[in-house]
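Please look over the model shown here before reading the comments on its sheets and its pocket.

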Amino acid sequence: MSRSNKGILEILTKLPWWVSVTLSAVIYIALKWIFPALLIDHIFLKGFSQALPDMALMIALFFLLPAPVSAYHSWRKKRLLDDLNVIKSISELSWNEFEEIVAEIFRRKDYTVIENSGAGPDGGIDITLHKGDDIFLVQCKHWKARKVGVRIVREMYGIMTAEQATGVIVVTSGFFTQEALLFANDKPIKLIAGEQLSSLVEKTQRSNKKTSIAIQKQFLNSCPRCSHQLVLRTARRGQHAGNQFYGCSNYPRCRFTKAIQN
């Protein structure tokens, strides 16, 4: 999905607040002193150069406007991640909030993060990560169906090749199909499924550490093969007769079982 063109102010609201402050200061200094000094001897631009110092403050303040908005968004995203599953669980997040917590996770892992938010819940590059000379393209999938197939992973690999990026990361609140896992196996593609995401949340949260237990409960009772609910069963025959275990509610189509850990 194509992203809409953004104005300079909207772009600055997506960047750290200090970018607007720095840009505003640079513009003020340039208009107040540097440009007038450079243009003072220019026969056609002399009058314009004399007017620049009077315009410097107003133009600098214009580029300072996004700073408080950016600072608020930064604070809100940090709180969204830190309060996750206290105020909201992963499954209750909107697609936009889901992208924001993924971006905040990588930001706390010392990546430079560029969010391509604002176009819709599906398709394209959602987040671009920079670390040194490496560039990683991220797509977030927050679907109720909970499964991400090989087509999505293959498309992102094609985008990575076209953009000459270092690698691709696909993050989902659910699961990846076996075909998707096999396709990504020998390629610079990192697939982060629900359980891995909950672990990343736990490691990067700066407060509410106890919430990791609640987050993991979302995935504990889900079948990793078909995403149906796991139910408690009792073995009726065989050497384990009388023992309880978790079995897929999609039985007999899915025969996944999971032992109860004491």
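Predicted model: local features only at pLDDT ≥ 70, side-chain atom pairs only at ≥ 80, totals over all residues.

1. Residues are numbered from 1 along each chain as its sequence is written, and side-chain values use heavy atoms, with hydrogens and water left out.

2. An open sheet of five strands is ordered β1-β2-β3-β5-β7, with mixed pairing; helices (H or I, at least four residues) and strands (E, at least two) are DSSP runs numbered from the N terminus, and two strands pair if DSSP finds at least two bridges between them. Because β1 and β7 (189-192) stand at the edges with a single partner strand each, one side of each is left without a neighbour in the sheet. The twist from one strand to the next averages 20 degrees, where axes are lines fitted to C-alpha atoms, for helices over the stretch in contact, and angles run from 0 to 180 degrees between N-to-C directions.

3. Within this five-stranded sheet, strands β3 (residues 134-141) and β5 (residues 167-172) run parallel and are joined by six bridges, with Val-138 standing opposite Ile-169 in β5. Helix α6 (residues 150-163) lies across β3, β5 and β7, and runs at about 155 degrees to β3; contact here means heavy atoms within 4.5 Å.

4. A further open sheet, of three strands, has the order β8-β9-β10 and antiparallel pairing. Its edges are β8 (230-234) and β10 (257-259), each with a single partner strand, so one side of each is left without a neighbour in the sheet. The twist here averages 35 degrees from one strand to the next. Five bridges pair β8 with β9 (residues 244-248) in the antiparallel sense, and Thr-234 has Gln-244 in β9 as its bridge partner.

5. The largest pocket holds about 380 Å³ of space. On a 1 Å grid over the protein atoms alone, a pocket is an open set of points where a 1.4 Å probe fits, with protein on both sides within 12 Å along at least five of seven lines, and lining residues have an atom within 4 Å of a point. Grid points are joined across faces, edges and corners, and the volume is the space filled by probe spheres set on the points.

6. Of the 19 residues that line the largest pocket, Lys-14, Leu-15, Pro-16, Ser-74 and Arg-107 lie nearest its centre. The elements α1 (8-14), α2 (17-39), α4 (66-82), α5 (95-108) and β1 (112-115) each supply at least two lining residues, and α4 gives the most, with five.
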